[in-house]
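Please look over the structure shown below and keep it at hand while reading. The notes that follow are grouped by topic.

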Amino acid sequence: DDVQLKNVNDLRKLVEAEKGLYIGEDDRILLRYLYYSDFDVPKAFAKMKSVYKQKYDNKNWFATAVMTDRQKLALSRDVHCLLKDKDQLGRKVYLLRLGNVVIGEVEPWENFQVDDLWLELAMDEPDTWENGMVYIFDMQGLSWKYMRYFTPHNCKVGSSKAEGIPVRKMEYHVINTGLILNSLVTILFPFLSSSTKQNVHFHKNNWPSLHKYVTPEILPQEYGGTLPSLNYTDLRTYLTDNEKRLNELVSYGYQ
């Protein structure tokens, strides 16, 4: 409508006047931040600057290239994926199988780069702007060796990057938890905002509990869902099919 169009134009003018900030002629990026801020232009611009400033200051933690050898190595471990279908509220579901991380093979910031590939595409969809996203953290098989990654610096950068995602409605579900969970919560929770903490739900392996939030119709059988087991090779075609758009998205920010 006319009001939205005016907001898009107002935000574009602010971006054009900001020294060193580049997002091409990309209205979808403007809309991503406007939906996040409920079309409050100053708030949208502040959020955009904050995200891209963090990217500029922590380049290792953000994807600036697409399908590099290191990213392909991380992807080959079947840690990260977006489920194909949206849930009953029209939300994309991002799944992290943390127990599949090979300790010492890929650095934490390289796994965060892989998150960017999936999340940049998810955040490029109007449904995500309006409906938000769901994260599922599967901790099955997570080893105590994983704790070596939780240095104060990694926790600070990783949590502030996660908190910075410009999606208004985020929900987090932690499943298949073991003894390591208490240690992780003790370390990580102080870095999280109260609003994020309120949206974190723990289910162990109680699938009916998870299904209260995410319908089983879009989940694979390993999570009590009605779909076949995940086929990661098939799911990764979402990245390769959209590689051109991804290259645009990861190029944006302060130059």
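In this predicted model, R12 and D27 form a salt bridge whose closest N and O atoms are 2.4 Å apart. The two residues are 15 residues apart and link distant parts of the chain, with R12 in helix α1 (residues 2-17) and D27 in helix α2 (residues 27-36). In the whole structure, a search finds 22 salt bridges.

**Helices α1 and α2**

- The axes of α1 and α2 lie 10 Å apart, and the helices pack at an angle of about 105 degrees.
- Angles of 65 to 115 degrees count as roughly perpendicular, so α1 and α2 are roughly perpendicular to each other.
- On the α1 side, the contact is made by Q4, N7, V8, L11, R12 and V15.
- On the α2 side, the contact is made by D27, L30, L31, L34 and Y35.
- By class, the residues of this contact between α1 and α2 are seven nonpolar, two polar and two charged.
- R12 and D27, the salt-bridge pair, both belong to this contact.

- Domain 1 gives 18 residues to the contact, and domain 2 gives 28 residues.
- How much area do domain 1 and domain 2 bury between them? The value is about 2200 Å², with 53% of it on carbon and sulfur atoms.
- Which three residues supply 40% of the area that domain 1 buries against domain 2? They are R32, Y35 and W61, and they supply more than any other three residues.
- Y35 is also one of the α2 residues in the contact with α1.
- Six salt bridges are found across the interface of domain 1 and domain 2.
- R32 forms a salt bridge with E120, and their closest N and O atoms are 3.0 Å apart.

**Helices α5 and α13**

- Helix α5 (residues 108-122) is mentioned here with helix α13 (residues 243-250), and the two pack at an angle of about 100 degrees with their axes 10 Å apart.
- α5 is therefore roughly perpendicular to α13.
- From α5, the residues L117, E120 and L121 meet R245, L246 and L249 of α13.
- This contact of α5 with α13 has four nonpolar, no polar and two charged residues.

**Helices α5 and α7**

- α5 also packs with helix α7 (residues 152-163), at an angle of about 5 degrees and with axes 11 Å apart.
- Are α5 and α7 roughly parallel or roughly antiparallel? Angles under 35 degrees count as roughly parallel, so α5 and α7 are roughly parallel to each other.
- In α5, the residues P108, W109, F112 and D116 take part, and they meet N154, G158 and K161 in α7.
- The contact of α5 with α7 has three nonpolar, two polar and two charged residues.

Definitions and conventions. Residues numbered from 1 in each chain as written. Predicted model: local features only at pLDDT ≥ 70, side-chain atom pairs only at ≥ 80, totals over all residues. Heavy atoms only, no water. Axes fitted to C-alpha atoms, helices over the stretch in contact; angles between N-to-C directions. Helix = DSSP H or I, 4+ residues; strand = E, 2+ residues; numbered from the N terminus. Parallel < 35°, antiparallel > 145°, perpendicular 65-115°, else oblique. Contact = heavy atoms within 4.5 Å. Nonpolar A, V, L, I, M, F, W, Y, C, P; charged D, E, K, R; others polar. Buried area = accessible area lost by both parts, 1.4 Å probe. Salt bridge = Lys/Arg side-chain N within 4 Å of Asp/Glu carboxyl O.
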